[in-house]
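Please keep the sequence and the 3D view at hand while reading.

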Amino acid sequence: MTSTRSLRAPSRSRTTELSIGTAVVVVAVASVLPLFVHGIFILGVLTDSLVYVTLSLSYNVVVGYVGAFSFAQPAFLGVGAYTAAILCEHVSVSIIVQALVAVACASLVALAIAIPAFRLSHMTFAMVTLGFTLIIQLFVTNQVGLTGGPMCISGLSSLGLAAQQYYVFLIIAVLVGGFTRAIASSRVGRAYVAIREDEAMAAAAGINATRYRYSAFILSAGIAGMLGAFYAHYLTVVCPSDMNEAYTTTLLVVLFLGGVGGFWGIVAAAFIFTAIPESLVSDPNIQLMIYGLALLICVMVMPTGMEGLVKRLRSTLRSRSASRA
Amino acid sequence: MSLLLSEFTNGLVLTSYYALVACGLVLIFGVVGIVNFAHGDFVMLGGYLFYEFYIVLGEPYLAALVLATLAEGALALLMYVLVVRRLVSREWYAPLIGTLALSVLLESVAQAIWSAAPRSVATPAVFHVIRLGTAGTVNEQEIYVFVGTALCLLTLWAVLGRSKWGKAMRAVAQNREACAVNGINVSAVALGAFVAAAALCALAAALVLPLQLISPTAGDAITTQAFVVVILGGMGSIRGAVVASFIVGMVTALSAAYMSSAYTDAFGYGVMILMLLFRPVGLFGDASLRGWTGL
C-alpha cells in the first residue's frame with residue numbers, strides 16, 4: 001500500500017479555528033431562534049431551509065467533493081421517505097430505527113446504481129442516475145399496492161410541534177454538516193479532491209478512484225435516505241412527486257451559487273433559496289427561468305460561487321494589508 | 001396482422017426521429033466536444049418554430065419546414081456564441097451543468113411564450129391514410145418522415161464523407177490539437193457542427209411532430225432517449241447512432257403495444273444500463289475512449 005504520508009493533515013491552522021468558531025456561533029444562534037421567532041409559518045420556512053441545507057450538503061459530497069453529476073439525490077430522499085412510510089404501515093418502530101432502515105435501503109439502491117453508472121464517464125454517470133431516478137419514480141407510481149401510487153401514503157405520525165420539528169432538523173443539519181466537514185478535511189476528503197482534480201496522479205499515489213467514487217455516492221445516498229425518513233414524518237404524507245428529478249436543478253443552483261465543494265456558501269445559499277422564492281416570485285415557471293439563468297451564469301462566469309468570491313475578497317484584503325505592512 | 005404493421009410503422013417513425021436527433025448529438029459530442037443536455041429542447045424549439053411558420057403564419061408545409069430549420073440554425077448560432085463556446089474545454093461540470101441550465105431556461109422561456117398546454121401541429125398529410133391491402137394502414141406524414149429521414153441521413157453521410165467541411169469535422173472529432181496545429185479553425189468547424197445538429201433537430205421536429213403534440217416539456221423525454229441511443233450505439237459513432245435508434249425505436253414501439261405503457265420508457269433505460277454493464281463503449285464505440293475524463 002503506497003504511503004499516504006504526504007496527504008496527512010497539516011497541524012490545525014487559524015482557518016480551522018475560525019471555521020469552528022463560526023460553526024459555534026451559527027449553531028448557537030440557530031438554537032435560540034425559535035424563542036424569538038413567532039409564528040408557525042416562519043418556523044416552517046426555517047425548517048424547510050434546514051432540510052434543504054442537509055440535502056444540499058449531502059449532494060455536495062457527490063458533486064463537490066468527488067466530482068460527479070448525479071440526478072438521483074431526490075430519488076434517495078424519496079426512497080428514504082417511502083421506506084419509513086411503508087415500515088410504519090406494517091410495524092411500529094421508533095423513528096431512529098426507521099431512519100437506519102432508510103439509510104440501509106438508500107445505500108443499497110445507490111450501490112445498485114453505482115455499478116453501471118461509474119462505468120464510463122461523467123455523462124454516462126449522469127444518464128444512468130437519471131435513468132434510475134425515472135425507473136424508481138415509475139415503480140413507485142405504479143406499484144399501488146405497496147406505495148399507494150399517485151394517491152400517496154398519508155397519515156404518518158408527525159414529529160411534534162413546529163418548534164420540535166425545527167430542532168429535530170437542526171440537530172440533523174448540524175450532525176450532517178459536521179460529518180461532511182470532517183470528511184472534507186480528512187484523508188478520505190483529500191483523496192476525493194485528488195480524484196476530482198487529476199485522476200491519473202491520484203492513481204499514481206495509490207488511490208483507487210472507483211472505490212472512492214462508490215463510497216462518496218453511497219454515503220451521499222445514505223444521508224439523503226436518513227433525511228427522507230424524517231422528512232416523511234415532517235410532511236406526514238409521501239408522494240411520488242417528492243422524488244421528482246427536477247429538484248436536482250434547485251440543488252444544483254444552491255451548490256453552484258454557494259460554491260460547489262465548499263460549505264458555508266452552500267448553507268447560506270440553501271437558506272436563501274428556500275426563504276426567497278415563495279415571497280418574491282409567484283409564478284413557478286418564472287422561478288424556474290430565474291434558476292436556469294442563475295445556474296447558467298454561475299457555471300459560465302462564477303463557478304466558485306459566493307464562497308469563492310468571499311475567499312477572493314479576503315485574500316485580496318489580506319495581501320493588501322500585508323503589502324502595506 | 002394489421003397490429004403488427006402499425007407497430008412496425010410506429011417503430012420506424014421512432015427510429016427516424018431518434019436517428020436524426022441522435023446524429024446531431026453525436027456531432028456535438030465529437031466535434032464540439034461537449035455533452036448537450038439541451039438537445040431535446042432544440043427539438044422542442046424547432047417544433048414551436050415550425051408551429052409559428054406553419055400554423056400561425058400559414059406557410060405551406062415545405063416552406064415552413066425549411067424556414068423553421070433556418071430559424072433554429074440562427075438561434076443555435078446565437079446560443080453557441082453566447083453560451084456554448086464558454087463551456088467547451090473547461091472543468092468537468094461546465095458542459096454538463098451548463099447545458100442543463102440552458103435546457104431549463106429554454107423550457108421555461110418556451111412555456112412563457114407558448115404556455116404549457118400541448119399544441120397540435122398536424123398537417124393534412126396526417127389524415128391522408130393509405131391502405132396497404134389487408135396488412136393495415138399508413139398515413140402520408142409517416143411516408144414524409146421515412147423519406148425525409150433517409151434523405152437527411154444520405155446528405156449527412158455525403159457531407160461527412162466527401163466534403164471538405166465534413167472531413168474537417170471528422171478530423172476535429174479525432175484530435176482537436178492536431179487540427180489546430182494544421183491550420184483548421186476548430187471553433188468555426190465546431191460552430192458549424194453545432195448549427196448542423198440543431199438543424200437536424202428542427203427537421204426531426206417538423207417531420208415527426210405533426211404526428212404528435214408539442215409541449216414545452218417534451219424536450220426532456222427526447223433528450224433522454226437520444227442519450228440512450230448514443231450510449232447504445234457508441235459515443236462518437238454516427239453509424240452506431242443510426243443502428244441503435246432502430247433498436248431503441250423498435251423496442252419502444254413494441255413494448256408500448258404489448259406491455260404496460262407505464263413502463264415503456266423504462267425499457268430504454270434498461271437497455272442502456274445493460275449496455276453499460278456489459279459493453280460500456282457501445283455497439284460501434286471506440287474502445288480507446290476509456291476513462292472518466294472521456295465523454
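Helices (H or I, at least four residues) and strands (E, at least two) are DSSP runs, numbered from the N terminus. The model is predicted, and local features need pLDDT of at least 70, side-chain atom pairs count only at pLDDT 80 or more, while totals for chains, interfaces and linings use all residues. Residues are numbered from 1 along each chain as its sequence is written, and chains are lettered from A and ligands numbered from 1 in the order in which they are written.

**A loop and a strand in chain A**

Thr236(A) lies in the loop between H10 and strand E2 (237-238) of chain A. Its phi is near 60°, a positive value in a residue other than glycine. A residue is called buried if 20 or more other C-beta atoms lie within 10 Å of its own, exposed if 12 or fewer, and partly exposed in between, with C-beta atoms placed from the backbone. Thr236(A) counts as partly exposed because it has 14 C-beta neighbours inside 10 Å.

Two residues are in contact if their C-beta atoms, placed from the backbone, lie within 7 Å. Once neighbours within four places in sequence are left aside, Thr236(A) and Val237(A) are the contacts of Ser154(A). Ser154(A) belongs to strand E1 (residues 153-154) of chain A. With 12 other C-beta atoms within 10 Å, Ser154(A) is exposed.

**Two crossing helices in chain A**

Helix H4 (residues 95-117) and helix H10 (residues 209-235) of chain A have axes that come within 7 Å and cross at roughly 140°. Such axes are lines fitted to C-alpha atoms, for helices over the stretch in contact, and the angles run from 0 to 180 degrees between N-to-C directions. The crossing of H4(A) and H10(A) is right-handed. A crossing is left-handed if the near helix is turned anticlockwise from the far one by less than a right angle, and right-handed if clockwise.

Residues of H4(A) that take part in the meeting of the two helices include Ile95(A), Gln98(A) and Ala114(A), and those of H10(A) include Tyr214(A), Gly222(A) and His233(A). The residues of this contact between H4(A) and H10(A) divide into 18 nonpolar, six polar and no charged. Here Ala, Val, Leu, Ile, Met, Phe, Trp, Tyr, Cys and Pro count as nonpolar, Asp, Glu, Lys and Arg as charged, and the others, Gly among them, as polar.

**A helix pair in chain B**

In chain B, H9(B) and H11(B) pack at an angle of about 30°, and their axes are 9 Å apart. H9(B) is therefore roughly parallel to H11(B). Angles under 35 degrees count as roughly parallel, over 145 as roughly antiparallel, 65 to 115 as roughly perpendicular and the rest as oblique. The crossing of H9(B) and H11(B) is left-handed.

From H9(B), the residues Gln225(B), Val228(B), Ile231(B) and Leu232(B) meet residues of H11(B), among them Gly268(B), Tyr269(B) and Met272(B). The contact of H9(B) with H11(B) has eight nonpolar, two polar and no charged residues.

**Where the chains meet**

What does each chain give to the contact? Chain B gives 35 residues and chain A gives 33 residues. On the side of chain B that touches chain A, the elements with two or more residues are helix H4 (93-114), helix H9 (218-233) and helix H11 (264-278) of chain B. H4(B) supplies the largest share of that side, 13 residues. The residues of that side are 26 nonpolar, six polar and three charged.

**The nonpolar core**

A nonpolar core is a set of buried Ala, Val, Leu, Ile, Met, Phe, Trp, Tyr and Cys residues joined through C-beta atoms within 7 Å. The largest one has 204 residues, and Val21(B), Ala22(B), Phe50(B), Ala193(B) and Ala204(B) touch the most other members. Helix H8 (residues 186-208) of chain B provides the largest share of this core, 17 residues. Apart from neighbours within four places in sequence, Ala193(B) is in contact with Leu27(B), Ile28(B), Val31(B), Val32(B) and Met169(B).

**Pairs of residues apart in sequence**

The table lists C-alpha separations.

| Pair | Apart along the chain | C-alpha separation |
|---|---|---|
| Leu170(A) and Val27(A) | 143 residues | 8.5 Å |
| Ser154(A) and Val238(A) | 84 residues | 6.4 Å |
| Lys164(B) and Gln111(B) | 53 residues | 40 Å |

Leu170(A) sits in helix H7 (residues 162-184) of chain A, and Leu170(A) is buried because it has 20 C-beta neighbours inside 10 Å. Lys164(B) is in helix H6 (residues 164-174) of chain B, and Lys164(B) is exposed, with 8 other C-beta atoms within 10 Å.
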